[in-house]
Amino acid sequence: MALKIQNKPPQTASLKQILKKCSSFGKKNGYLYNGLPQDVPKGHFAVYVGEHRSRYIVSISLLAQPEFQNLLQRAEEEFGFDHEIGLTIPCEEVVFRSLISLIR
């Protein structure tokens, strides 16, 4: 019986781009020398959600969750990853909070 080698999911490149973008906001006040915001703990990143762009700090472990990856794909399609505010998730806050609580 042969072992089937699984390739990395196609989202891997997008996830790397997200992490790179999230760690490259160090050009403004309130950011550490390495480009990370001072209020974001190691192993986490900030996302902006909803109509009012409320800021949430989420664990990078969520990047492995298919449901969160779907949100990231929607974000890429709607906003791209090259804008000043940071990673914006096209989702209502109530839905985002529910999803995060389910996949934690």
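## Two helices side by side

Let's start with helix H2 (residues 66-79) and helix H3 (residues 93-103): their axes come within 10 Å and cross at roughly 150°. (Helices are DSSP runs of H or I with at least four residues, strands are runs of E with at least two, and both are numbered from the N terminus. Axes are lines fitted to C-alpha atoms, for helices over the stretch in contact, with angles from 0 to 180 degrees between N-to-C directions.) This is a predicted model, where local features need pLDDT of at least 70 and side-chain atom pairs pLDDT 80 or more, while totals for chains, interfaces and linings use all residues. Residues are numbered from 1 along each chain as its sequence is written, and side-chain values use heavy atoms, leaving out hydrogens and water.

Which residues of H2 and H3 meet? From H2 come Glu67, Phe68 and Leu71, and from H3 come Phe96, Leu99, Ile100 and Ile103 (contact means heavy atoms within 4.5 Å).

## The sheet

Three strands make an open sheet in the order S2-S1-S3, with mixed pairing; two strands pair if DSSP finds at least two bridges between them. The edges are S2 (54-59) and S3 (88-89), each pairing on one side only. Strand S1 (residues 44-49) runs antiparallel to S2, and six bridges join them. For instance, His44 has Ser59 in S2 as its bridge partner.

## One face of H3

H3 lies across S1, S2 and S3, at about 15° to S2. Its buried residues are Phe96, Leu99, Ile100 and Ile103 (buried means under 20% relative accessible area, exposed over 50%, partly exposed in between, with a 1.4 Å probe and protein chains only). Seen down the axis of H3, these fall within an arc of 100°, so they line one face of the helix; the arc is taken from the directions from the helix axis to the C-beta atoms.

What covers these buried residues includes S1, S2, H2 and S3. On the other side of H3, Val94, Ser101 and Leu102 are exposed.

## Aromatic pairs

How many aromatic pairs does a search of the whole structure find? Two. Rings of Phe, Tyr and Trp (its six-membered ring) pair if their centres lie within 6.5 Å; planes under 30 degrees apart are stacked, over 60 edge-to-face, and the rest tilted. Phe45 and Phe68 form an edge-to-face pair, 6.3 Å centre to centre with 70° between the planes. Phe45 sits in S1 and Phe68 in H2, so the pair ties together parts 23 residues apart in sequence.

Tyr56 and Phe96 form a tilted pair, at 5.2 Å and 55°.
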